[in-house]
Amino acid sequence: MPTTLHLPEDLRRAIEAHGERGYADEVCGFLLGTGAGNEKSVTRLKEIENTWDDSGAPEFEGVGGAEFAATSRRRRFKIPPDEYLAADREARERGESILGFYHSHPDHPARPSRYDLALAQEIFPGYSYIIVAVQAGRAADMTSWVLRDDYSDFDQEALTAP
């Protein structure tokens, strides 16, 4: 069943601005808000520093292999577990939930990569994944995706302004 993610225009612009500020590296953050059934509404964002280790440390090698781990933050992002716990606690205190994540694709389309899929399958299934393409330092296309129930791939979800 198709899902819809409602993203207010000011939060859309904030994601785009974050992507532009962080260019040419990937940027990332949390989507916080409320949801019922197949409708989710983003009410806040939480920017997170991309802590991907450019040294090629094997932390994610089990997810995507040595090639995955060896790629730089220009093509990968990492949200530390303590940031996830803090965002979850903060959201619950406000009657919200973590709805998903956003990240940028510098000079690449706003479509999930095979690495995005591998990460979602292992770490964060069931959330919305907004991707903003940033071309030559300027935000371009923005899309949102949800991992299929069988974990095989993403389906694009409607991304609308409330």
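Start at Lys40. Lys40 is buried, with a relative accessible area of 11%. Buried here means under 20% relative accessible area, exposed means over 50%, and partly exposed is in between, with a 1.4 Å probe and protein chains only. Lys40 forms a salt bridge with Glu157, and their closest N and O atoms are 3.8 Å apart. For a salt bridge, a side-chain nitrogen of Lys or Arg must lie within 4 Å of a carboxyl oxygen of Asp or Glu. Glu157 is at 3% relative accessibility, so Glu157 counts as buried too. The pair links distant parts of the chain: Glu157 sits in strand 7, Lys40 in strand 3 (residues 39-48), 117 residues apart. Helices (H or I, at least four residues) and strands (E, at least two) are DSSP runs, numbered from the N terminus.

A word on the model. It is predicted, so local features need pLDDT of at least 70 and side-chain atom pairs count only at pLDDT 80 or more, while totals for chains, interfaces and linings use all residues. Residues are numbered from 1 along each chain as its sequence is written, and side-chain values use heavy atoms, with hydrogens and water left out. pLDDT is the predictor's confidence in each residue, from 0 to 100. The protein chain has a mean pLDDT of 87, and 83% of its residues reach 70 or more.

The whole structure holds 10 salt bridges. Take Arg138 with Glu20: the closest N and O atoms are 3.7 Å apart. Arg138 lies in strand 6 and Glu20 in helix 1, so this pair ties together parts that are 118 residues apart in sequence. Arg138 is exposed, at 55% relative accessible area. Glu20 is partly exposed, at 26%. Next, Asp155 and Arg148 meet in a salt bridge at 2.9 Å, N to O. Asp155 is partly exposed, with a relative accessible area of 36%. Arg148 is partly exposed as well, at 34%. There is also a salt-bridge network: Arg44, Lys46, Glu90, Arg94 and Glu96.

Now the core. What touches the most other members of the largest nonpolar core? Phe30, Ile79, Ile98, Phe101, Tyr129 and Phe154 do, out of 21 residues. A nonpolar core is a set of buried Ala, Val, Leu, Ile, Met, Phe, Trp, Tyr and Cys residues joined through side-chain atoms within 4.5 Å. Elements giving two or more residues to this core include strand 2 (28-36), helix 3 (81-93) and strand 4 (97-106). A second, separate core has 14 residues, including Leu5, Ile15, Ile130 and Met142.

Last, the rings. Six aromatic pairs turn up. Rings of Phe, Tyr and Trp (its six-membered ring) pair if their centres lie within 6.5 Å; planes under 30 degrees apart are stacked, over 60 edge-to-face, and the rest tilted. Phe101 and Tyr129 have ring centres 6.0 Å apart and planes at 35°, so that pair is tilted. Phe101 is in strand 4 and Tyr129 in strand 5, 28 residues apart. Phe101 is buried at 2%, and Tyr129 is buried at 8%. Tyr129 also pairs with Phe154: centres 5.3 Å apart, planes at 75°, so edge-to-face. Phe30, Tyr84, Phe101, Tyr127, Tyr129 and Phe154 form one aromatic cluster.
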